[in-house]
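Subject: Structure for you to look at

Hello,

Here is the structure I said I would pass on. Please open it first and then read the notes below it.

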There are 2 protein chains.
Amino acid sequence: MNVLAKIFVTLKDSVLDPQGKAVTHALHALKYGAVSDVRIGKYMEVTLSANSLDDADRLVRGMCDELLTNPVIEKFTFELMEVSQ
Amino acid sequence: MNVLAKIFVTLKDSVLDPQGKAVTHALHALKYGAVSDVRIGKYMEVTLSANSLDDADRLVRGMCDELLTNPVIEKFTFELMEVSQ
């Protein structure tokens with residue numbers, strides 16, 4: 001089966017996000033003063049073949065731990081869905 | 001009300017994603033040969049105050065058009081949810 005994994009990577013809450021602060025200031029300058037906070041993360045769509053959703057879950061978790069995220073400062077969540085092609 | 005907007009920005013399907021290709025190759029080298037494609041995007045969490053969810057929708061759409069995304073090569077989707085603090 002083909003599986004699409006949507007992976008969301010964000011900085012841990014305790015880690016400062018200077019990029020997010022810069023975007024907040026830029027939004028304020030553009031008259032979006034209603035914005036109180038911005039946190040910037042990464043979003044990845046990984047297509048893979050797997051025997052089952054459990055198998056895909058194990059693979060995606062492994063990829064995130066080994067390559068896609070920095071576990072010292074980042075955390076991740078993901079969603080899996082079966083795709084046709 | 002306080003609203004949390006989760007914004008997902010991805011390259012349009014017609015735009016090449018060299019970063020995604022590089023990650024695909026790195027995953028193959030790490031024995032994740034099951035991966036057929038990777039697309040890299042951005043994920044942003046924006047906290048803002050708004051009068052209603054409709055109001056928040058309008059604001060977030062404006063921010064994305066004016067600053068957060070490049071409409072020439074990127075597309076975006078977002079989810080809104082009310083938060084307490």
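What is the volume of the largest pocket? In this predicted model, the largest pocket has a volume of about 360 Å³. It is lined by 21 residues, and those closest to its centre are Leu4(A), Lys6(A), Tyr43(A), Glu45(A) and Thr10(B). By type, the lining divides into eight nonpolar, four polar and nine charged residues. Strand 3 of chain B gives the largest share of this lining, four residues.

The second largest pocket has a volume of about 310 Å³. Of its 17 lining residues, the closest to the centre are Thr10(A), Lys75(A), Lys6(B), Tyr43(B) and Glu45(B). This lining holds seven nonpolar, two polar and eight charged residues.

Six strands form an open sheet with antiparallel pairing, in the order 3(A)-1(A)-2(A)-2(B)-1(B)-3(B). Strand 3 (74-83) of chain A and strand 3 (74-83) of chain B stand at the edges; each has a single partner strand, so one side of each is left without a neighbour in the sheet. On average, neighbouring strands are turned by 20° against each other, direction ignored.

In chain A, strand 1 (residues 2-11) pairs with strand 3 over 10 bridges, in the antiparallel sense. Leu4(A), one of the residues closest to the centre of the largest pocket, has Met81(A) in strand 3 of chain A as its bridge partner.

Last, the helix. Helix 2 (residues 53-68) of chain A lies across strands 1, 2 and 3 of chain A and strand 2 of chain B. Helix 2 of chain A runs at about 145° to strand 3 of chain A.

Regards

Notes:
Residues numbered from 1 in each chain as written. Chains lettered and ligands numbered in written order. Predicted model: local features only at pLDDT ≥ 70, side-chain atom pairs only at ≥ 80, totals over all residues. Heavy atoms only, no water. Pairing = 2+ DSSP bridges. Helix = DSSP H or I, 4+ residues; strand = E, 2+ residues; numbered from the N terminus. Axes fitted to C-alpha atoms, helices over the stretch in contact; angles between N-to-C directions. Contact = heavy atoms within 4.5 Å. 1 Å grid on protein atoms, 1.4 Å probe; cavity = no way out; pocket = protein on both sides within 12 Å on 5 of 7 lines; lining within 4 Å. Points joined across faces, edges and corners; volume = space filled by probe spheres on them. Nonpolar A, V, L, I, M, F, W, Y, C, P; charged D, E, K, R; others polar.
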